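Thanks, everyone. Let's take a quick look at this structure together. Please keep the 3D view open while I talk.

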Amino acid sequence: MLTVRAPATSANLGSGFDVFGVALERPADVVRLEKADRVTIEMTGAGSQYIPEDPDKNTVGAVADALNAPARIQIDKGVRPASGLGSSAASAAAAAVGLNELYDRGYSREELVPIAAKGEAVVSGDAHDDNVAPSILGGFTIATEKGVTQVDADIPLVACLPDIVVSTRDARNVVPETARVDQMIETVGNAAALTTGMHRDDPELVGQGMHDTVVTPARAKLIDGYKQVRDAALAAGATGVTISGAGPTVIAACAEEDRRRIASTMLDAFGERGVDARVYQTRIGGGAEVF
Ligand SMILES: Nc1ncnc2c1ncn2[C@@H]1O[C@H](COP(=O)(O)OP(=O)(O)O)[C@@H](O)[C@H]1O
Ligand SMILES: N[C@@H](CCOP(=O)(O)O)C(=O)O
């Protein structure tokens, strides 16, 4: 059997709604595949009891269809579903990379991005590239209508996942339909700062660029304790804090030496609100790996 490890991802990063994404060094999904006459799916791991094994409802089914690559697919979830950590995308990315290799389809990693995004359409209604792109390519990605731009980057991160479920579909329903020109000007400045920070491996500039006054405040209302956790992380030295993907994970950028303290502060802040949480001390990492 072929084994693929595809990483969790964090999309948006505040100022890059539906455009920016990063691969996280951890957690990850591990997917094992072998050729078969038809697609079958077996799920284990974090939250797997909530994920359908029906190929028409699982992201990997659409990917297998798109590649015309029927297989027995075993998915061990390291990335909990509805986490804001690109859970459904990690499985889709792993399936795209693995089935391409298993069936010798010859697609490049870049060409596999829109194929994996067909899996995302199954769960969220839209074929977003902002999670599948970093899960396949690694690093920091900018996904637009014109395609995906990737740069390697190394920024320490803390991802704090509370025991709250926010579906991407619900979180998209609260996104404002319009923004003011002053908000647009601020967003362009922040997105430019963040992109430059990624090129320079500069956590200060990346953190500054994570500020967003358009989408994040609307979604914060879905996450009990968001404001307290954000304030606590900033007071502990985080250079920037925002919602990861559609939430409920809260993600902080920081200097390496502050990461452990920020992680425990975020856990405590959720705890003070009576919300259980787990924390990943992580960093920007590479894309899907085949073993
Ligand atoms: N292979 C899969 N892995 C995770 N979730 C999946 C998968 N296939 C389908 N889903 C469904 O996708 C939804 C979770 O996706 P999403 O809300 O995008 O989570 P996340 O924010 O972590 O990406 C759940 O309803 C889940 O049942
Ligand atoms: N740009 C999307 C990203 C959703 O990410 P997920 O990890 O929550 O699936 C959005 O913000 O809706």
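Let's begin with the shell around ligand 1. Its residues divide into 6 nonpolar, 9 polar and 3 charged. One caution before we go on: this is a predicted model.

Which residues come nearest to ligand 1? There are 18 residues around this ligand, and the nearest are Asn-58, Lys-77, Ala-82, Val-123 and Thr-168. Where does the largest share of the shell come from? Look at helix 2, residues 87–102, which gives 3 residues.

Now zoom in on the oxygen atoms of ligand 1. Take Thr-168 first. An N or O atom in its side chain is 2.9 Å from an oxygen atom of the ligand. Next, Ser-83. Here the backbone is involved: one of its N or O atoms lies 3.0 Å from a ligand 1 oxygen. Ser-87 also uses its backbone, with a polar atom 3.0 Å from an oxygen atom of ligand 1. How much of ligand 1 does the protein bury? Taken alone, the ligand exposes 570 Å², and the protein buries 86% of that. And the space that ligand 1 takes is the largest pocket.

On to ligand 2. Where does ligand 2 sit? It sits in the largest pocket.

Start with Asn-12: a polar atom of its side chain lies 2.7 Å from a ligand oxygen. For Gly-86, the contact is through the backbone, where a polar atom is 2.8 Å from an oxygen atom of ligand 2. Then there is Arg-219. Its side chain has an N or O atom 2.7 Å from an oxygen atom of ligand 2.

Last topic: the backbone. Follow the chain to Arg-26 and Pro-27. What is the form of the peptide bond between them? That bond is cis, with omega near 0°. Pro-27 has its place in strand 2, residues 20–35.

Now move along to Gly-247 and Pro-248. The peptide bond from Gly-247 to Pro-248 is also cis, with omega near 10°. Where is Pro-248? Find the loop between strand 8 (240–243) and strand 9 (250–253), and you have its place.

One more residue, Leu-13. Its phi is positive, about 50°, although Leu-13 is not a glycine. You will find Leu-13 in the loop between strand 1 (2–11) and strand 2.

Note on methods:
Residues are numbered from 1 along each chain as its sequence is written. Chains are lettered from A and ligands numbered from 1 in the order in which they are written. This is a predicted model: local features need pLDDT of at least 70, side-chain atom pairs count only at pLDDT 80 or more; totals for chains, interfaces and linings use all residues. Side-chain values use heavy atoms; hydrogens and water are left out. A residue is near a molecule or strand if one of its heavy atoms lies within 4 Å of it. A polar contact is a pair of N or O atoms within 3.5 Å; within protein, one must be able to donate a hydrogen and the other to accept it, and residues adjacent in sequence count only if both atoms are side-chain atoms. Accessible areas come from the Shrake-Rupley method with a 1.4 Å probe; for residues, only the protein chains shown count as cover. On a 1 Å grid over the protein atoms alone, a cavity is a set of points where a 1.4 Å probe fits but cannot get out, and a pocket is an open set with protein on both sides within 12 Å along at least five of seven lines; lining residues have an atom within 4 Å of a point. A molecule sits in a cavity or pocket if more than half of its atoms lie within 2 Å of its grid points. Helices (H or I, at least four residues) and strands (E, at least two) are DSSP runs, numbered from the N terminus. Ala, Val, Leu, Ile, Met, Phe, Trp, Tyr, Cys and Pro count as nonpolar, Asp, Glu, Lys and Arg as charged, and the others, Gly among them, as polar.
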